[in-house]
Amino acid sequence: MGDVHFSRERAGKVVVLIFFWMLSLISLSCAARLSVSRQKLQVQNHLNRLNKPAVKTIQSPDGDIIDCVHLARQPAFDHPFLKDHKIQMRPSYHPEGLFDENKVSDTEKPKKGSNPITQLWHMNGKCPEGTIPIRRTKEEDVLRASSVKSYGRKKHRATPQPRSADPDLINASGHQHAIAYVEGDKYYGAKATINVWEPKIQQPNEFSLSQLWILGGSFGEDLNSIEAGWQVSPDLYGDNNTRLFTYWTSDAYQATGCYNLLCSGFIQINSEIAMGASISPVSAYRNSQYDISILVWKDPKEGHWWMQFGNDYVLGYWPSFLFSYLADSASMIEWGGEVVNSEPDGRHTSAQMGSGRFPEEGFGKSSYFRNIQVVDDSNNLKAPKGLGTFTEQSNCYDVQTGSNGDWGHYFYYGGPGKNPNCP
């Protein structure tokens with residue numbers, strides 16, 4: 001009898017334990033569901049903020065959706081300081097002495113394809129006047145980021161620091177560079193013509209880009225940076241296409257700034273070029289070479305930083321109030337390539353920079369920046385004085401400068417990453 005009583009008691013305990021176990025499973029499952037639905041809501045709210053109502057929508061051959069959004073409804077105007085901002089439809093001044101492509105005779109020009117560089121979405125339509133093309137952000141774009149907040153942002157310490165090639169810093173940031181730079185003066189802009197390639201990336205969370213940096217302040221917590229160029233970033237865009245991009249920050253990539261139009265900041269005025277859209281065609285090894293010209297300069301009258309793509313497209317501007325140091329001028333200009341190396345234990349990624357070839361291979365094989373110039377305090381484009389170079393590991397990615405009559409100051413840069421001399 002005692003045994004029966006004991007087993008009943010034990011059975012009762014087991015039932016209670018099972019009950020509580022099931023209850024905890026249910027509450028865990030509810031919590032997980034709640035967390036998923038909360039994340040979905042966060043993502044949806046973010047998409048609603050970024051994707052503005054479109055006047056017209058264009059489907060790009062690469063899968064992008066381009067929304068033609070009314071000028072006054074673009075993301076910039078979500079910024080509290082821009083509520084009553086009057087859009088400037090053109091800069092007050094252009095820099096004097098723009099390098100004249102027509103000065104170079106056809107026989108001296110590098111061999112290019114028959115088509116000028118354009119963006120893939122142009123094949124399927126164009127945006128009407130008074131609108132700007134915006135690459136639509138999809139749910140999967142945001143979900144690839146580590147959080148809704150980090151979507152569209154670079155990680156802290158992503159700028160090359162030529163004076164501090166400390167190996168610990170290199171490995172900690174995982175970013176590697178091959179750049180040319182100037183410092184020690186006040187700069188009011190920069191220009192370059194950049195060879196366009198489609199470098200291969202090893203891991204989806206790595207990227208490869210070629211750009212110019214306009215920098216103010218120290219490399220501490222207060223760095224101001226305006227950046228523009230081309231990039232391959234599967235994490236940001238979901239593919240391996242080469243895309244036009246811009247970036248800005250006023251606090252060393254911490255809380256301010258973003259890529260393209262993924263936050264309030266840059267005011268676009270151009271209806272033909274979409275930030276973050278694929279560039280086509282791209283260069284091929286020992287074949288046709290393509291390049292893009294980018295100019296960023298500070299309007300001496302209004303103080304805004306303007307961007308021009310090619311000879312014809314003034315894209316828009318970063319209002320000067322976004323910045324502290326750059327509200328006055330830049331203290332350093334950098335041009336070149338950057339990759340992210342996500343391999344652990346000091347091993348090296350095989351992510352390519354530029355064409356994936358070293359500089360000594362030269363034209364048609366290695367990637368280049370040509371006609372690099374700075375804007376001085378009289379708003380003149382000038383050759384850079386005292387051009388320095390910097391790379392963390394020249395066996396992985398390297399840079400070589402030169403100058404001649406047609407290309408002005410130029411350099412070849414890049415490399416394959418992992419190779420027998422860069423394990």
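The side chains of Asp239 and Arg243 meet in a salt bridge, at 2.6 Å from N to O; a salt bridge here is a side-chain nitrogen of Lys or Arg within 4 Å of a carboxyl oxygen of Asp or Glu. This is a predicted model, in which local features need pLDDT of at least 70 and side-chain atom pairs count only at pLDDT 80 or more, while totals for chains, interfaces and linings use all residues. Residues are numbered from 1 along each chain as its sequence is written, and side-chain values use heavy atoms, with hydrogens and water left out.

**Salt bridges**

- Asp239 is buried at 16% relative accessible area, and Arg243 is buried at 0%; buried means under 20%, exposed over 50% and partly exposed in between (1.4 Å probe, protein chains only).
- Salt bridges that share partners join Asp239 and Arg243 with Asp62, Asp64, Arg135, Asp141 and Arg144 into one network.
- The structure holds 17 salt bridges.

**Links between distant parts of the chain**

- Lys154 and Glu338 form a salt bridge of 3.6 Å, N to O.
- Lys154 lies in the loop between α2 and α3 (167-173) and Glu338 in strand β16 (residues 330-340), 184 residues apart; helices (H or I, at least four residues) and strands (E, at least two) are DSSP runs, numbered from the N terminus.
- Both Lys154 and Glu338 are buried.

**Sheet**

- An open sheet is formed by 7 strands in the order β10-β9-β8-β7-β16-β5-β19, with antiparallel pairing; two strands pair if DSSP finds at least two bridges between them.
- Its edge strands, β10 (258-259) and β19 (388-391), each pair on one side only.
- Strand β5 (residues 175-187) is joined to β19 by 4 bridges, and Tyr181 has Gly388 in β19 as its bridge partner.
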